[in-house]
Amino acid sequence: MTFWWFWNQPPVVEEAAVEDLDRLSEIHDKSFRQTWHTEELAALRAQAGVTILIARRASPYGTRKALGFVILRTAADEAEILTIAVDPAWRGRGIARQLMQAVLSRLYADRVKSLFLEVDAANEGAIALYKSFGMRQVGTRRGYYSASDGDGSALVMRVDLA
């Protein structure tokens, strides 16, 4: 008898470990033209106020492959998402939404007042996701992304949490 229920289980979101960084670098490389190597991710992870949350595939067999991740930096009562990426093979399954929910839950618990991020103005899917969480555009940075499908502009987005 085969049980397929476990293939539809939502990912588990938890803090990334050092041994996850190679896979996170791979996901970032598949997602963006500007790559982040394992060493760069390790240096970020070591900084005060930086948290890397990872979405792992839930599996009864113990294989917990990373599907996506988000890097969050908090200072005082503000936070910034440095990057969020989902493996292209796993996009469209709500993983980025689950990562955002985990970020916001953590920030609410920590009483952080606002969250910022920059997003490529050409990335309509990401912009729609962020807006669904109440984020709004508060600025534009022209030429921010050198490797963009658009003009390279970044939208600065913010949501107030307090």
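Modeller: Two strands count as paired if DSSP finds at least two bridges between them. The model discussed here is predicted.

Colleague: Which residue of S4 does valine 70 stand opposite?
Modeller: S3 and S4 pair in the antiparallel sense, with eight bridges between them. That meets the pairing criterion of at least two bridges. Across this pair, the residue of S4 opposite valine 70 is isoleucine 84.

Colleague: In the hairpin of S3 and S4, which residue takes a positive phi?
Modeller: Two residues lie between the strands of this hairpin. The positive phi, near 55°, belongs to alanine 76.

Colleague: How many of the ten residues of S3 are buried?
Modeller: Buried means under 20% relative accessible area. S3 is largely enclosed by the rest of the structure, because the count of buried residues among its ten is seven.

Colleague: Which residue of S3 stands opposite isoleucine 54?
Modeller: S2 and S3 run antiparallel and are joined by seven bridges. Within S3, the residue opposite isoleucine 54 is phenylalanine 69.

Colleague: Which strands stand at the edges of the sheet?
Modeller: The sheet is open and has seven strands with mixed pairing, in the order S1-S2-S3-S4-S5-S7-S6. Two of the strands have a single partner each, so one side of each lacks a neighbour in the sheet. These edge strands are S1 (12-15) and S6 (136-141).

Colleague: What is the bridge partner of valine 13 in S2?
Modeller: S1 and S2 pair over four bridges in the antiparallel sense. The partner of valine 13 in S2 is alanine 55.

Colleague: What angle does the direction of H2 make with that of S2?
Modeller: Helix H2 covers residues 38-46 and packs on the sheet. H2 touches S2, S3 and S4. Between its direction and that of S2 the angle is about 120°.

Colleague: Which element supplies the largest share of the largest nonpolar core?
Modeller: This core has 30 residues, and Ile81, Leu115 and Tyr130 have the most contacts inside it. At least two residues each come from several elements, including strand S4 (78-86), helix H3 (95-109) and helix H4 (124-132). The largest share is six residues, and it comes from H3.

Colleague: Which residues is tyrosine 130 in contact with, leaving aside its neighbours within four places in sequence?
Modeller: Tyr130 is one of the residues with the most contacts inside the largest core. Contact here means heavy atoms within 4.5 Å. With sequence neighbours within four places left aside, the partners of tyrosine 130 are Ile84, Met100, Leu117, Val119, Met135 and Met157.

Colleague: How many residues does the second, separate core have?
Modeller: Among its members are Trp36, Ile52, Ile54 and Ala66. The residue count of this second core is 14.

Colleague: Which element gives the largest share of the lining of the largest pocket?
Modeller: The largest pocket holds about 1,100 Å³ of space. It is lined by 36 residues, with Ser31, Phe32, Thr83, Ile84 and Asn123 closest to its centre. Two or more lining residues come from each of helix H1 (21-31), S4, H3, S5 and H4. The largest share, seven residues, comes from S4.

Colleague: Which elements do the buried residues of H1 pack against?
Modeller: In H1, the residues Leu21, Arg23, Leu24, Ser25, Ile27 and His28 are buried. The elements that the buried residues of H1 pack against are H2, S2, S3 and S4.

Note on methods: Residues are numbered from 1 along each chain as its sequence is written. This is a predicted model: local features need pLDDT of at least 70, side-chain atom pairs count only at pLDDT 80 or more; totals for chains, interfaces and linings use all residues. Side-chain values use heavy atoms; hydrogens and water are left out. A nonpolar core is a set of buried Ala, Val, Leu, Ile, Met, Phe, Trp, Tyr and Cys residues joined through side-chain atoms within 4.5 Å. Buried means under 20% relative accessible area, exposed over 50%, partly exposed in between (1.4 Å probe, protein chains only). Axes are lines fitted to C-alpha atoms, for helices over the stretch in contact, and angles run from 0 to 180 degrees between N-to-C directions. On a 1 Å grid over the protein atoms alone, a cavity is a set of points where a 1.4 Å probe fits but cannot get out, and a pocket is an open set with protein on both sides within 12 Å along at least five of seven lines; lining residues have an atom within 4 Å of a point. Grid points are joined across faces, edges and corners, and a volume is the space filled by probe spheres set on the points.
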